[in-house]
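Visitor: Hi! I have a structure open here and would like to talk it through with you. Could you show it to both of us?

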Amino acid sequence: MALNLRQKQTECIIRMLNLNQPVNPSGTANEEVYKILIYDRFCQNILSPLIHVKDLRKHGVTLYFLIDKDRKPVHDVPAVYFVQPSHSNIQRIVADASRSLYDSFHLNFSSSIPRPLLEDLASGTLNSDSIHRISKVHDQYLEFVTLEDNLFSLSQKSTYVQLNDPSAGDKEIEDIIERVVSGLFCVLATLSVVPIIRCPRGGPAELVASALDQKLRDHLLSKNNLFSEGGSFVSSFQRPILCVFDRNFELSAGLQHDFRYRPLVHDILGLKLNRLSVPGEKGGMKSYELDSSDPFWMANGSLEFPEVAVEIETQLNKYKKDVDEVNRRTGGTAGTEFDGTDLIGNTKHLMNAVNSLPELTDRKQVIDKHTNIATVLLGEIKERSLDSYAKKENDMMVRGSIDRNELLSVLKGKGTKTDKLRFAIMYIISSETINPSEAEAVEAALRESDVDTSAFQYVKKIKSLNVSLASANSASRNNIVDWAEKIYGQSISAVTAGVKNLLSSDRQLALTRIVEALMEGKPNPEIDSYLVFDPRAPKSSSGTSSSHLKGPFKEAIVFMIGGGNYVEYGSLQELVQRQQPVKYVIYGTTEILTGSEFVEQLALLGQKMGLGNTVATSSATN
């Protein structure tokens with residue numbers, strides 16, 4: 001049975017909507033209870049990709065509201081609350097209970113509610129004489145957003161900036177790490193698995209892996225823990241591996257232009273929570289959902305854009321042919337005479353036609369949707385030469401260099417300011433050695449196009465620091481490392497190492513290659529230094545490489561701290577498709593970022609370090 005995060009999280013939510021009572025195999029409650037659902041913004045984002053309005057009605061939810069909206073009393077009806085455990089939410093719940101808004105309150109917190117907040121809830125409802133209205137309080141461990149069966153985000157914004165901010169103190173870093181660990185713990189609790197954890201040494205990845213290991217250990221000591229049904233006797237090969245990385249491991253994947261359908265739709269059209277809006281053919285905006293209910297999206301998301309266009313055409317022709325076939329069978333074509341002799345046969349054809357209409361209508365809607373999306377994409381691709389950006393960035397990464405004239409002609413050619421900035425940073429990352437006059441020319445070209453260069457200068461700074469780290473002798477190297485760790489709050493040895501050696505000819509991402517090696521578990525110089533944590537093993541043996549922890553593993557959870565994207569997700573899914581026997585990989589990240597959003601975070605860090613040609617505004621510093 002493969003790990004399916006979407007299915008597991010949906011099951012938890014359905015059980016919650018049914019007042020945490022067991023659910024029938026059909027997925028509905030044993031008895032029909034009408035109820036009201038109250039949620040906060042964060043939990044609304046958890047629910048929206050998983051459960052549609054019509055599904056809510058199926059589970060007896062007749063009304064639903066945001067917790068901070070003013071609401072009128074609804075008597076004799078239970079209310080299901082699904083909110084984050086925060087001070088403001090507790091105050092609101094106490095106020096609702098004291099006003100007797102609903103008959104009974106079933107409180108579900110997205111993660112474990114801290115004791116002080118639980119005490120506030122108890123004292124608040126006692127003082128207002130409404131404690132009898134609180135039926136149940138549940139910790140749901142659902143504080144993450146699942147977008148596809150194997151894709152999740154913790155929706156924790158700007159983690160990359162917070163972890164790399166030169167002014168961040170130890171306490172702030174610890175708080176961020178704790179938030180990430182708490183989100184990952186929710187994912188593991190929902191899947192009810194205790195994985196073997198692997199990560200590179202140093203930096204946020206080790207901090208998160210080590211803190212998660214400790215949190216799981218502490219939790220496994222309690223008698224009725226969330227993982228007890230698995231039992232600690234489960235043999236190691238049935239457990240998944242959790243590979244933790246941080247964005248600096250492979251900066252380029254967060255920036256590059258990609259020409260595959262799913263990354264393009266995300267990067268160019270801003271896919272959020274599986275939804276997007278594009279201009280319609282007849283004016284106005286059209287909103288679409290792109291999720292597992294869309295067969296075209298699921299089948300073709302990983303194809304290059306030109307192949308998608310061909311596939312849309314193929315589907316359209318097939319649809320037209322099927323419509324013609326239905327018309328022909330039901331006598332709908334012009335010129336055929338109906339003589340009544342085949343009445344029974346014709347009635348059968350009519351029945352078949354009527355039955356096939358909904359399916360044909362659905363197919364037509366999907367074709368129209370993707371035709372519209374592809375048309376808008378094509379307009380952007382042509383206007384911004386995105387195919388050229390994708391190809392040239394790829395060539396740069398493989399060759400480790402680019403012709404100077406070609407480089408400058410791209411920066412002076414088509415594309416938005418952000419496209420040019422991303423391209424310039426990709427040039428810095430992919431070059432094994434940076435020619436100062438060339439870098440200066442690049443910067444001048446960016447300024448000419450009125451582009452803020454702080455993100456470019458920030459990456460250049462890390463890159464030069466990296467080079468000096470590599471060339472310094474061991475004594476001075478320690479000083480540089482100390483200094484680097486003070487500035488970046490982490491070890492930066494892997495940030496922008498010459499990427500040429502990271503890429504094989506088929507341009508497999510370094511992340512994918514490392515995950516493949518970790519899942520195989522064979523000796524490999526690239527991963528031999530990776531740390532190993534087994535939360536089920538005695539503490540003394542963790543961090544070392546014991547043989548049973550090496551794999552091979554059938555299932556992996558890959559987690560990227562500081563922002564992930566559909567490029568990495570797609571690359572990992574391709575890895576899965578070419579594996580025999582079948583393997584499963586779930587990809588998760590602190591937040592899913594487009595290339596433009598990631599560049600903004602790099603720019604912010606550049607500004608915090610006083611780099612760039614613009615003065616940081618006060619609004620950009622928080």
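Guide: Happy to. One term before we start: contact here means heavy atoms within 4.5 Å. With that, residues 24 or more positions apart account for 79% of the contacts in the protein chain with a separation of 6 or more. Please keep in mind that this is a predicted model.

Visitor: Predicted, okay. What is the mean pLDDT of the protein chain?

Guide: The mean is 84, and 84% of the residues reach 70 or more.

Visitor: And where is confidence lowest, and where is it highest?

Guide: The lowest value belongs to helix 18 (residues 474-488), with a mean of 43, while strand 7 has the highest, at 97. There is also a stretch at residues 334-341 where pLDDT stays under 50, and the model has three contacts for it beyond four places in sequence. Residues 471-505 are below 50 too, but that stretch has 69 contacts in the model beyond near neighbours in sequence.

Visitor: Good to know. How many helices and strands are there in the protein chain?

Guide: You will find 21 helices and 14 strands. The protein chain has 622 residues, and 51% of them count as buried.

Visitor: What about the accessible surface of the protein chain, how much of it belongs to carbon and sulfur atoms?

Guide: Carbon and sulfur atoms hold 53% of a total that comes to about 28700 Å².

Visitor: Let's change topic. How many aromatic pairs does the structure hold?

Guide: There are 15 aromatic pairs. One of them is F152 with F559, a stacked pair at 6.0 Å centre to centre and 15° between the planes. F152 lies in strand 7 (residues 151-153) and F559 in strand 13 (residues 555-561), so this pair ties together parts that are 407 residues apart in sequence.

Visitor: Nice. Is F152 buried or exposed?

Guide: F152 is buried, at a relative accessible area of 0%. F559 counts as buried as well, with 0% relative accessibility.

Visitor: What lies over the face of F185?

Guide: That would be K215, at 5.2 Å from the ring centre. For another charge over a ring, look at R262, which lies over the face of W297 at 5.7 Å from the ring centre. And if you like ring clusters, Y81, Y102 and F105 are linked into one by ring pairs.

Visitor: Let me ask about the backbone. Which peptide bond is cis?

Guide: The one from Q580 to P581 is cis, with omega near -10°. P581 is in the loop between helix 20 (566-577) and strand 14 (584-589).

Visitor: And which residue has a positive phi although it is not a glycine?

Guide: S158 does, at about 55°. Its place is the loop between strand 7 and helix 6 (159-164). S158 counts as partly exposed, at 29% relative accessibility. S385 also has a positive phi, of about 55°, and is not a glycine. You will find S385 in the loop between helix 12 (343-384) and helix 13 (386-399), and with a relative accessible area of 21% S385 is partly exposed.

Conventions:
Residues numbered from 1 in each chain as written. Predicted model: local features only at pLDDT ≥ 70, side-chain atom pairs only at ≥ 80, totals over all residues. Heavy atoms only, no water. Phe/Tyr/Trp six-rings, centres within 6.5 Å; stacked < 30°, edge-to-face > 60°. Helix = DSSP H or I, 4+ residues; strand = E, 2+ residues; numbered from the N terminus. Buried < 20%, exposed > 50% of the residue type's maximum accessible area, 1.4 Å probe, protein only. Lys NZ or Arg CZ within 6 Å of the ring centre and 35° of its normal. pLDDT = per-residue confidence, 0-100. Areas by Shrake-Rupley, 256 points an atom, 1.4 Å probe, with all protein chains shown as cover.
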